[in-house]
Amino acid sequence: MNKVYIIVESWKLDSGERDIFTSAFSTIEKAEEYFEKLKKRYAEDYNTDNRKATIYENGGEIEVSFYEDDNDTNDYYYIFIDEKEIDFVE
């Protein structure tokens, strides 16, 4: 059974700007390494140290929203790892 590990990044700014990105990896270790880099990058980009953020993290999934931010923004980002089978035939 062949598997790949997909990382999905979804983000939205209060301005309406948004995007979704996907990346594929051959091993879970490579996916987890990239996931950790993304978490750091998004935390810096969204300035989570200086903003009130609601953070949900569970293994290969993180969701951060700023609905409780002083500026009452709707910014968020969501990153997760998903395992998919490839070349699967029933």
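R41 forms a salt bridge with E9, and their closest N and O atoms are 3.3 Å apart. A salt bridge here is a side-chain nitrogen of Lys or Arg within 4 Å of a carboxyl oxygen of Asp or Glu. The pair links distant parts of the chain, since R41 is in helix α1 (residues 28-45) and E9 is in strand β1, 32 residues apart. R41 is partly exposed, with a relative accessible area of 37%, whereas E9 counts as buried at 3% relative accessibility. Buried means under 20% relative accessible area, exposed means over 50%, and partly exposed lies in between (1.4 Å probe, protein chains only).

## Basis of the values

This is a predicted model, in which local features need pLDDT of at least 70 and side-chain atom pairs count only at pLDDT 80 or more, while totals for chains, interfaces and linings use all residues. Residues are numbered from 1 along each chain as its sequence is written, and side-chain values use heavy atoms, with hydrogens and water left out.

## Overall layout

The protein has one helix and five strands, and from the N terminus on its elements run β-β-α-β-β-β. Helices (H or I, at least four residues) and strands (E, at least two) are DSSP runs, numbered from the N terminus. The C-alpha trace spans about 50 × 25 × 20 Å along its principal axes.

Of the 90 residues in the protein, 33% are buried. The accessible surface comes to about 6200 Å², and 45% of this belongs to carbon and sulfur atoms; such areas come from the Shrake-Rupley method with a 1.4 Å probe, and for residues only the protein chains shown count as cover. Among contacts between residues at least 6 apart in sequence, 47% join residues at least 24 apart. Contact means heavy atoms within 4.5 Å.

Strand β1 (residues 2-12) pairs with β2 in the antiparallel sense over eight bridges. Two strands pair if DSSP finds at least two bridges between them. One of the bridges joins Y5 to its partner F25 in β2. The two strands form a hairpin with five residues between them, and G16 in the turn has a positive phi of about 105°.

T22 is found in strand β2 (residues 18-25). Leaving aside neighbours within four places in sequence, T22 is in contact with I6, I7 and V8. T22 and V8 are 14 residues apart in sequence, and their C-alpha atoms are 4.6 Å apart in space. With 57% relative accessibility, T22 counts as exposed.

## The hairpin of β3 and β4

β3 and β4 also pair in the antiparallel sense, over four bridges. Here T54 has S65 in β4 as its bridge partner. These strands form a hairpin with three residues between them, and G59 in the turn has a positive phi of about 55°.

Side chains of opposite charge can pair when their charged atoms come close. The count comes to seven salt bridges.

Within helix α1, E36 and K39 are three residues apart, so they are separated by about one helical turn. E36 forms a salt bridge with K39, with the closest N and O atoms 3.3 Å apart. E36 counts as partly exposed at 38% relative accessibility, and K39 is buried at 17%. E36, K39 and E57 are linked in a network of salt bridges.

## The loop between β4 and β5

D75 forms a salt bridge with R51, and the closest N and O atoms are 3.2 Å apart. D75 lies in the loop between β4 (61-65) and β5 (76-86) and R51 in the loop between α1 and β3 (54-57), so the pair ties together parts that are 24 residues apart in sequence. At 9% relative accessibility, D75 counts as buried.

N74 also lies in the loop between β4 and β5. N74 is partly exposed, with a relative accessible area of 33%. N74 and A31 are 43 residues apart in sequence and 28 Å apart in space, C-alpha to C-alpha.
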